[in-house]
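The tour moves from one selection to the next.

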Amino acid sequence: MKHNPLAVIAILLVPLPAASAVAVVDAPYTVAYASFGPINTAIYIANTDGGLERVLIEGSNLDMNPSFSPDGRWVLFTSRRDGSADIYRVKPDGTRLERLTDDPAFDDQAVMSPDGARVAFVSSRSGQADIWLLELKTKQLRNLTDHPGGDYRPALSPDGQ
Ligand SMILES: [Ca+2]
């Protein structure tokens, strides 16, 4: 049988199924972000396509640095709504607002553990920027880093180890 090179070219030009590209675009993720305005800073929630953008907490002021819990059930954030910068959490629908830290120090950049039991954050309560761990059930605090260098942006491993 004689080989026809045009037949091979035709097969290679068949487009990939559209579903493979659409699956990424339509992923049901939600994004939380802080919007810095001239008067206040509020946290917004939106779909990854930019749709359904809304203020996370009505009337919010001086809120910043949000992060979702790994299970998507909480949004952690920093706020100066009560004076000092402290860590708060709230449901993605804006309900069940809860203050997690209450200290004159600057508390910021909170992330929740995969099991939802702990929150790691940056705090200046030791006189410098260190990483701290808060047990949510007992409210017990543990200082994880303690040296003159500034420690920022904690990240908890996804496997909890
Ligand atoms: Ca504080």
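Two strands pair if DSSP finds at least two bridges between them. Helices (H or I, at least four residues) and strands (E, at least two) are DSSP runs, numbered from the N terminus. This is a predicted model, in which local features need pLDDT of at least 70, side-chain atom pairs count only at pLDDT 80 or more, and totals for chains, interfaces and linings use all residues. Residues are numbered from 1 along each chain as its sequence is written.

Start with the whole protein chain. It holds 2 helices and 11 strands, in the order α-α-β-β-β-β-β-β-β-β-β-β-β from the N terminus.

Next, select residues 107-112, which form strand β8. Of these 6 residues, 5 are buried; a residue is buried if 20 or more other C-beta atoms lie within 10 Å of its own, exposed if 12 or fewer, and partly exposed in between, with C-beta atoms placed from the backbone. In the protein chain, 20% of the 161 residues are buried.

The hairpin has 5 residues between its strands, and G116 has a positive phi near 75°.

Now move to N61, in the loop between β3 (54-55) and β4 (63-68). Is N61 buried or partly exposed? N61 is partly exposed because 13 other C-beta atoms lie within 10 Å. Leaving out residues up to four places away in sequence, N61 touches N40 and R81; contact requires C-beta atoms, placed from the backbone, within 7 Å. Finally, select I43: its C-alpha atom is 8.8 Å from that of N61, and the two residues are 18 apart along the chain.

Notes
Contact = placed C-beta atoms within 7 Å.
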